[in-house]
Amino acid sequence: MSTSADPESGVARAVRRFAVPPARVFDAWLDPALVGRWMFAAGGDEIVHIRLDPRVGGAFSFKVRRGEQEVDHVGEYREIERPRRLAFTWGVVGDDASDGVTVDIVPLEDGCEVTVSHRMHPSWTEFAPKAAEAWATMLGALDAALAGRSSETPARTAERGA
Amino acid sequence: MLRRLAGGEQTVGELAEPFRMSVQAASKHVRVLERAGLVRRSIRGRTHRLRLDAGRLAEAQRWLSYYERFWSERLDALDALLQSEAPESSQALPPSAREESDP
């Protein structure tokens with residue numbers, strides 16, 4: 001299992017190997033009887049409903065109750081290429097923006113490797129790389145100027161300092 | 001000065017000065033940062049003052065970390081579920097062959 005969260009590209013990733021064939025993993029995402037058993041199994045979420053229309057353009061709604069609150073995870077399927085790729089939008093009812101999620105399944109000799117890539121809403125990803133870079137440049141040059149050095153390559157860590 | 005930048009306001013000229021960067025070039029950078037919500041501009045008369053808002057970058061990082069954890073936990077749960085249901089053969093069962101389970 002590996003994960004990464006890269007603010008420059010606005011993508012969070014989780015990668016995991018499974019010891020079952022790709023089709024079984026793929027189908028688990030689109031089978032309403034199964035989705036509730038792994039997507040909301042832990043942590044005391046009570047499932048209100050799991051609804052999905054497993055076709056391109058079809059919508060889904062996964063509603064859970066967390067204490068007093070009801071949270072409805074909704075979206076639309078954008079790509080369905082069994083058993084290797086699934087893509088859908090993802091958001092919570094009440095939020096303005098919706099993110100994009102892709103699930104890529106690569107077959108291995110004894111199973112498969114699954115990568116879930118969660119891309120934040122475009123309003124962020126459009127500007128994040130340029131913003132982070134511009135800021136790193138400015139802070140790096142500022143840093144150099146303060147230290148009385150001549151201009152050097154800006155430090156990458158400068159963007160975290162922001 | 002970094003603290004000043006984070007806690008205070010600068011004009012574009014003040015920001016540009018230590019970088020040997022033209023005000024024009026600094027303005028371009030600042031506009032990109034503004035659009036991303038990292039820098040806020042306040043205008044008094046003909047003076048534009050800029051303030052760093054690093055909160056937005058930090059917020060995005062928090063959301064990404066959240067989803068990184070969210071999906072890795074779910075893949076763990078999916079793995080556990082599929083392992084517990086693994087049939088002898090390597091053929092995938094069609095959904096109708098699976099037991100329906102109550103939520």
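# Cavity and core in a predicted model

Colleague: How much space lies in the second largest cavity?
Modeller: This is a predicted model, where local features need pLDDT of at least 70, side-chain atom pairs count only at pLDDT 80 or more, and totals for chains, interfaces and linings use all residues. Residues are numbered from 1 along each chain as written, chains are lettered from A and ligands numbered from 1 in written order, and side-chain values use heavy atoms, without hydrogens and water. A cavity is a set of points on a 1 Å grid over the protein atoms alone where a 1.4 Å probe fits but cannot get out, and its volume is the space filled by probe spheres set on the points, which are joined across faces, edges and corners. For the second largest cavity that gives about 40 Å³.

Colleague: Which strand gives the largest share of that lining?
Modeller: Lining residues have an atom within 4 Å of a point, and here they include A:Phe60, A:Tyr77 and A:Leu86. Strands are DSSP runs (E, at least two residues), numbered from the N terminus. Strands S4 (59-66) and S6 (85-92) of chain A each give two or more residues. The largest share, three residues, comes from S6(A).

Colleague: Which chain B residue is among those touching the most other members of the largest nonpolar core?
Modeller: Such a core joins buried (under 20% relative accessible area, 1.4 Å probe, protein chains only) Ala, Val, Leu, Ile, Met, Phe, Trp, Tyr and Cys residues through side-chain atoms within 4.5 Å. The largest core has 40 residues, and A:Trp29 and A:Phe88 are among the members with the most contacts, alongside B:Trp71.

How values were computed:
Buried < 20%, exposed > 50% of the residue type's maximum accessible area, 1.4 Å probe, protein only. 1 Å grid on protein atoms, 1.4 Å probe; cavity = no way out; pocket = protein on both sides within 12 Å on 5 of 7 lines; lining within 4 Å. Helix = DSSP H or I, 4+ residues; strand = E, 2+ residues; numbered from the N terminus.
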